[in-house]
Amino acid sequence: MLTKEQIAWAIHEMEKDIGPVGPSLDSRTPFQYLISVILSAQATDVSVNKVTPELFSKYPQPVDLMNANLTDVEKIIKSVGLFHNKAKNIIKTAGVIHNELNDIVPETRKGIMSLPGAGRKTANVVLSDVFEQPTFAVDTHVSAIAKRLHFVDSKASVLEVEKTIVGSLKPEELHQAHHTMIEYGKKYSMKIDPLKEENKLIIQCDELNEQNEMKKG
């Protein structure tokens, strides 16, 4: 595995490659951003951005969405995966935020994770992107990179990936690192045979891992 210093170096190299990048979900309020993130589970941000203009035009506030007809919401978000469960969850979440939280999105991981359809990844994304808190969300791209570049073991859990990266970077670096790694994962495949790999960073990380393993042995 790579050391914390090597992991930080590798992520900084990705940032040089990708350049400035930030959130790709469109929304105007913390509530709308939360709903967009819930919808983005197992779906692309592009697909979510195609349905949210109509969704938020009809239901801009929690009180509007909580009173929405389930079938109407399903029709709007049908092109997004798992639309039936997501429609139910966002309507329920809107109800909790309006009735129990005075229309205010929680600013804690525990608070967000208590909402229907919102897990740890959703909480981390919202806390980082909306409230500028030092959290780090792990998606499929981030997980694939972390395993391929030897940040973590190939069988590591999502939580292990999160803790490894959080433990390797400064708190103020986590927001940029998350969005950089997503874009890096879109740009480069992590499934190429190591013997045929041409990506310079991946090759370097393979070499660093090999050196580290030799030092252990």
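**Close-up views of a predicted model**

**View 1. Leucine 82 in its loop.** Leucine 82 is partly exposed in this predicted model, with a relative accessible area of 48%. The residue sits in the loop that runs between helix 5 (70–77) and helix 6 (83–99), and its phi is positive, about 55 degrees, although leucine 82 is not a glycine. Most residues other than glycine have a negative phi.

View 2. Asparagine 102 is exposed, its relative accessible area being 63%.

**View 3. The two ends of helix 9.** At the start of helix 9, the backbone nitrogen of histidine 141 has a side-chain oxygen of aspartate 139 within 3.1 Å. After helix 9 comes histidine 150, which has a positive phi, near 70 degrees.

**View 4. The buried residues of helix 9 and their cover.** Within helix 9 (residues 140–148), the buried residues are Val142, Ser143, Ile145, Ala146 and Arg148. The cover over these buried residues includes helix 1 (4–18) and helix 10 (158–166), together with helix 11 (174–187) and helix 12 (200–216).

**View 5. The annotated span, residues 39–187.** An unreviewed UniProt entry lists residues 39–187 as "domain: HhH-GPD". In the model, the span of residues 39–187 is 62% helix and 0% strand, and its end C-alpha atoms lie 23 Å apart.

Conventions: Residues are numbered from 1 along each chain as its sequence is written. This is a predicted model: local features need pLDDT of at least 70, side-chain atom pairs count only at pLDDT 80 or more; totals for chains, interfaces and linings use all residues. Side-chain values use heavy atoms; hydrogens and water are left out. Buried means under 20% relative accessible area, exposed over 50%, partly exposed in between (1.4 Å probe, protein chains only). Helices (H or I, at least four residues) and strands (E, at least two) are DSSP runs, numbered from the N terminus. Contact means heavy atoms within 4.5 Å. A polar contact is a pair of N or O atoms within 3.5 Å; within protein, one must be able to donate a hydrogen and the other to accept it, and residues adjacent in sequence count only if both atoms are side-chain atoms. UniProt positions are given in the numbering used here, feature names are shortened, and annotations may be inferred rather than shown by experiment.
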